[in-house]
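Me: I am new to this structure. Please take one part and look at it closely, then show me how the rest is built around it.

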Amino acid sequence: MEKAPGCPSVGGSYPQKNAEILSSQYGINLFLAGLLLTFAWAVHAVGISKSHLLSYLITLMLIQLLWMLWYLCRSCTQRRLIRDKDTHAGARWLKCGITLFAVITLILDSFKIGYYVDFSNCLSAAEGIFPVTHAVHTILQVYFLWCHAKDIIQSFKTLERFGVIHSVFTNLLLWTNGVLTESKHQLNEHKERLITLGFGNITIVLDDHAPQCNCTTTTLCSIFSQGIYYLYPFNIEYHILASTMLYVLWKNIGRKVEHHQQHKTPFKFHGITAGMIFGLIVLISTIAKVVVYLIQIGGSKTKSELALTMFYLHAISVLALMCTAGIVALLIYRLEDRSLDNSKNPARKLDAELLVGTAAGSWLLSWGSILAIICAQAHPKYTWYNLPYSILVIIEKYIQNLFIIESIHREQEKVNDDIKTLRIVTISRGSTLSLTPSYKEIYNGRAARDNGELPYLLNSSICARENDGSGGAKEEASQANCSVMHSAPDFSFYSRNSVTNNKRRILKNIAAFLFLCNLSLWIPPAFGCRPEYDNGLEEIVFGFEPWIIVVNLAMPFSIFYRMHSAASLFEVNCKT
């Protein structure tokens, strides 16, 4: 189909560049068509029902399934061929994370199947076919990503570009559908809560797509309908993670990589006790806060105000600690003299772009809250806590993005502290002289040799030979000289090594603490704890419908930012 990778041709890159542009435009149009269909269903457009949207999504998933099966079959028949791999893509911890979300997504699909069975009298066939297709799609996609996320495709490149970009935008549309469904559920609950806070002038019209028939089993219907919305956050994270991994695979098609040994960076609990303890305290307190918030909010005006005040005070404390930890980490980096890795890396570039891009969602909400507080005529007491909270959200993301991006661009240390001590034995006159310099000492000896000095090991051998051919007095003098030669550089080395280890330990604790804090801050908005909805002040200033549109657009990016930051910080902890 295409010229082999090893055959050079004049202008050979132009067809591939055109294929990349064509495939990207195909994906964008695919996404826009689905987005418009989703929007039409959301606003109850005439002639467009949920079955039309689900049929479109089912078709996209079936096409992706056919492509993945073709790719897997071709890979099995050609598995003896040596394939290039991107060692930075598809990290094992990322695969484990997407597998966890996929398992919960399969539980969600089973709930949807049960929901369809109970309401089968008034639901279209598409609502029953969709969860079954989605479950098969999820299983095969996870297997595909486990086996081929690192692939650098060098054959059938044009066809593969269209297949991969189709998969990327299929997952983005499934993510959009999940976000919209979950947001509509949150919005209905939000409208009911506003009355308890005294905002009775806001028109409350529930936008419900509930089936127009009775359930066959009332208890099961209640379990399925309520359980679905608690599982949607995991489904949303699954699809956005899958789309990012597939996007890296698409960017790697036809890429030429430099073959070099990749240092393994396993995660270790050793040395991060303090960071883990403080992070777990934040995580446990956040879970408790979410439980209390969901119980109290909407109960009465007093309970709702107390719940909002509790949320803001807890969030302010956590964000202030995160800002402090980030500043300390950046100061440590300023004191270090380590070069940056500026090599081409699609996975790392995408991580940085996603951090800044998704942070814009939180920044938009924060600036909206700040403007509402400034312009509002009446200020309930709890709204004043919203001001420092919104400011800290902006500052914390700014500092954290700097820390993560600088961390993932720093070159790893060439010398690993865990390398076993090398034992070098020299035999002189039948006696054994055992020297135990570490790998770093031998490595540093090379630098000493470049400066005209003898390395540590050679100095030891010379001292041994001098002692053999001299008298007692000369031997004692020689030993004294040798001890001086060893002690000075050894003291300097261990001093520098101690300082470096202390810095690394602090950075690892900070990364572990921020990792758990980001997981903690992901939980409240993902499970319905959203003060941007519930405090009511922004709706008064901007209007109910405009502000709800802003929140529904920005909140999914804010939620994804926390999970993506947690994943990036996990990688930072492993590399440090």
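Reply: Start at serine 565. Leaving out residues up to four places away in sequence, serine 565 touches Leu355, Gln400, Ile404 and Asn518. Contact here means heavy atoms within 4.5 Å. Serine 565 sits in helix α16, residues 544-575. Helices (H or I, at least four residues) and strands (E, at least two) are DSSP runs, numbered from the N terminus. Serine 565 counts as buried, at 0% relative accessibility. Buried means under 20% relative accessible area, exposed means over 50%, and partly exposed lies in between (1.4 Å probe, protein chains only).

A word on the source. This is a predicted model, where local features need pLDDT of at least 70 and side-chain atom pairs count only at pLDDT 80 or more, while totals for chains, interfaces and linings use all residues. Residues are numbered from 1 along each chain as its sequence is written, and side-chain values use heavy atoms, with hydrogens and water left out.

The protein has 16 helices and two strands. Of its 576 residues, 48% are buried. Take the contacts in the protein with a separation of 6 or more: residues 24 or more positions apart account for 85% of them.

One of the contacts of serine 565 is Leu355. Helix α9 covers residues 346-375. This helix has 30 residues and reaches 44 Å from its first C-alpha to its last, close to the 44 Å expected at 1.5 Å a residue. The expected span is 1.5 Å times one less than the number of residues. Helix α9 also has a kink of about 25 degrees, centred on glycine 361. The bend at a residue is the angle between axes fitted to the seven residues ending there and the seven starting there.

Another serine deserves a look. Serine 23 is in helix α1, residues 13-42. Serine 23 counts as buried, at 0% relative accessibility. Apart from neighbours within four places in sequence, serine 23 is in contact with Arg161, Phe162, Ile165 and Trp250. The C-alpha atoms of serine 23 and leucine 159 are 9.1 Å apart, although 136 residues separate them along the chain.

Next, the aromatic rings. Rings of Phe, Tyr and Trp (its six-membered ring) pair if their centres lie within 6.5 Å; planes under 30 degrees apart count as stacked, over 60 as edge-to-face and the rest as tilted. By this rule there are 18 aromatic pairs. Phenylalanine 311 and tyrosine 312 form one that is edge-to-face, at 5.7 Å centre to centre and 80 degrees between the planes. Both residues, phenylalanine 311 and tyrosine 312, are buried. Phenylalanine 311 also pairs edge-to-face with tyrosine 389, at 5.8 Å centre to centre and 70 degrees between the planes. Phenylalanine 311 lies in helix α8 (residues 301-335) and tyrosine 389 in helix α10 (residues 386-409), so this pair ties together parts 78 residues apart in sequence. Tyrosine 389 counts as buried, at 14% relative accessibility. Elsewhere, Phe101, Phe234, Trp522 and Phe527 form one aromatic cluster.

Last, the cysteines. The whole structure has zero disulfides (pairs of cysteine sulfur atoms within 2.5 Å). Cysteine 323 is buried at 7% relative accessibility. Cysteine 529 is buried too, with a relative accessible area of 2%.
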